[in-house]
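This report describes selected local features of one protein model. The sequence and structure come first.

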Amino acid sequence: MTEHKIHSLESLARITDELRGSGRRVVLCHGTFDLMHTGHIRHLQRARQLGDVLVVTLTGDQFVRKGPGRPVFGEDLRAENLAALACVDFVAINQAETAIEVIRQLKPSLYVKGSDYVDAASDLTGNIAREVAAVRDCGGDVHFTDEITFSSTRLLNTHFDVFSSEARAFLAEFKSRYPLDTFIGRIKELKSRRVLVVGDAILDEYHYVSTLGQTGKGNTLAVRYRSEERFAGGAIAVANHIAGFCGEVTLLTALGKEPGTLEYVKGKLLANVDLQHAEFPSAQTLIKRRFVDQDLQRLFEVYFGGEEQERSSLDRHVCDWLAAHAGEYDTVIVPDFGNGLISNDMARSISAHARFLAVNTQINSGNRGYHVITRYPRADFVCLNEPEARLAALDRHSPLDAIADEINRRVGSRATAITRGGQGALLVSADGHIAIPALSSKVVDRIGAGDAFLSLAGVCMGAGLPEELSVFAGSLAAALDVQIVCNREPVDPVLFFKYATTLLK
């Protein structure tokens, strides 16, 4: 048995201290090692030859962000596989995304990576450069092995049921037209785009509770309060999603006059987002307070504020700003949550002045039955979920492609995308329709997934990228977003490209 080789990181740090003290040369390798193959084994054997002791650390399960179904093998099994190799002396699981803290604790004489990492500029994460710097700060050196290489990702995608048969067939077709390098290159073109986001600022609150069950004298559900968390949601979240991919983003929204809100919103925006805000004359900034249980299931939701009754000065201010500036942007993205900011006059002004307009009109508890895409006289790209699309078309039973065709006709849009949760997304345009399966196998929280889809698909369509590539990018962003609690963080471009690598390798 080889369990004695597996240690905590803290225990391993004490061991490596002693080894260095006795003059032993400690070599460190780090990775995911999700599927042990010949390339891994030769890499580790070569690393062992370069020193006296070989230590291998692996990324813990919750920090493996390589796409759906990963890791296939849990951290304990992966550690056991490594420990079974004769060339490996010690193993530890690293509960972090990078090896930087491992390097600082273990202070290896030599850090050994595979030949895939020789060119630091091609590392999408930028981590290898930081890891090399950390090794040299600790007085160590770096070596790149040149052994036979295999791709764990490609092997897992081919031989394990990571994807459904529908998803595998779609991905095979997609990457024949857009290989990984081509896809990444087209997405990086977005950096030069100027984007305006117009929509409601929402302060999402999660009050985490544990359920106690039915009360003793009624049918009311009782819960016990645990903690709470606030997120910058709505158009703020959309602006941040886009800001990771586009160089210049402006957010046009309205906020209440309550103390601290403006400072909070400014503090949540990424550095390349310019905030242009109007003040609600009387309404407070919308807060959506959700009570969620231990499984993140929403039990109850309360709205605070958001609906402004004194519209004239607000409408005039926003419409004047749009008339003066909307045409300066390559793309205008409107996540219209129907919560009180965008009036019919504003919708007409947006349609009149945007050079390329991508819109979502969301159905939610605050606007059900009153809020449809057809209040926009014109849009270039429409993004809705199935209930929103059927409500807009007043059609409960027709096929979705017919519904999307009808929406395209009514607002003059080039394309309409209809998102369908676990069934993926459908895009319909004059060129036909494209169906994309869901690209995520893990859902933590669906709040914000449609916004992430609109953000990426909208800027891609606005940049003139192919429709299929645009809706794939939107689906990929949504797949990442459903793994994030509410709007705790925007879609990270590094993770986006890593996810794409897993899907298209």
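## Basis

This is a predicted model, in which local features need pLDDT of at least 70 and side-chain atom pairs count only at pLDDT 80 or more, while totals for chains, interfaces and linings use all residues. Residues are numbered from 1 along each chain as its sequence is written, and side-chain values use heavy atoms, with hydrogens and water left out.

## Annotated span

An unreviewed UniProt entry lists residues 194-483 as "domain: Carbohydrate kinase PfkB". UniProt positions are given in the numbering used here, feature names are shortened, and annotations may be inferred rather than shown by experiment. In the model, residues 194-483 are 31% helix and 32% strand, and the end C-alpha atoms of the span lie 28 Å apart. Helices (H or I, at least four residues) and strands (E, at least two) are DSSP runs, numbered from the N terminus.

Helix α8 spans residues 180-188, and its buried residues are Leu-180, Phe-183, Ile-184 and Ile-187. Seen down the axis of α8, these residues fall within an arc of 95°, so they line one face of the helix. Buried means under 20% relative accessible area, exposed over 50%, and partly exposed in between (1.4 Å probe, protein chains only); the arc is that of the directions from the helix axis to the C-beta atoms. The cover over the buried residues of α8 includes α7 (165-177), α15 (449-462), α16 (467-481) and α17 (493-504).

In helix α5 (residues 127-137), the buried residues are Asn-127, Ile-128, Glu-131, Val-132, Ala-134 and Val-135. They fall within an arc of 160° when seen down the axis of α5, so they line one face of the helix. Among the elements covering them are α4 (100-106), β5 (110-113) and β6 (141-144).

## Nonpolar cores

A nonpolar core is a set of buried Ala, Val, Leu, Ile, Met, Phe, Trp, Tyr and Cys residues joined through side-chain atoms within 4.5 Å. The largest has 73 residues, and those with the most contacts inside it are Phe-183, Ile-187, Val-197, Phe-381, Phe-472, Leu-476 and Phe-496. A second, separate core of 40 residues includes Ile-350, Ile-373, Ala-393 and Ala-404.

Contact means heavy atoms within 4.5 Å. Leaving aside neighbours within four places in sequence, Ile-187 is in contact with Phe-245, Cys-460, Leu-469, Ala-473, Phe-496 and Phe-497.

## Aromatic rings

There are twelve aromatic pairs in the structure. The ring centres of Phe-496 and Phe-497 are 5.6 Å apart and the planes are at 85°, so this pair is edge-to-face. Rings of Phe, Tyr and Trp (its six-membered ring) pair if their centres lie within 6.5 Å; planes under 30 degrees apart count as stacked, over 60 as edge-to-face and the rest as tilted.

Lys-188 lies over the face of Phe-497, at 5.7 Å from the ring centre. Arg-194 lies over the face of Tyr-329, at 4.7 Å from the ring centre. A charge sits over a ring if NZ of Lys or CZ of Arg is within 6 Å of the ring centre and within 35 degrees of the ring normal.

## Single residues

Lys-107 is not a glycine, yet has a positive phi of about 45°. Its place is in the loop between α4 and β5, and at 37% relative accessibility Lys-107 counts as partly exposed. Leu-394 also has a positive phi, near 50°. Leu-394 is in the loop between α13 (386-393) and α14 (400-411) and counts as exposed, at 73% relative accessibility.

Glu-468, in helix α16, counts as buried at 11% relative accessibility. Beyond neighbours within four places in sequence, Glu-468 is in contact with Phe-170, Phe-174, Arg-177, Tyr-178, Ile-434 and Ile-436. Ile-287 lies in strand β12 (residues 286-292) and counts as buried, at 11% relative accessibility. With neighbours within four places in sequence left aside, the contacts of Ile-287 are Leu-203, Glu-205, Arg-230, Val-302, Tyr-303 and Phe-304.
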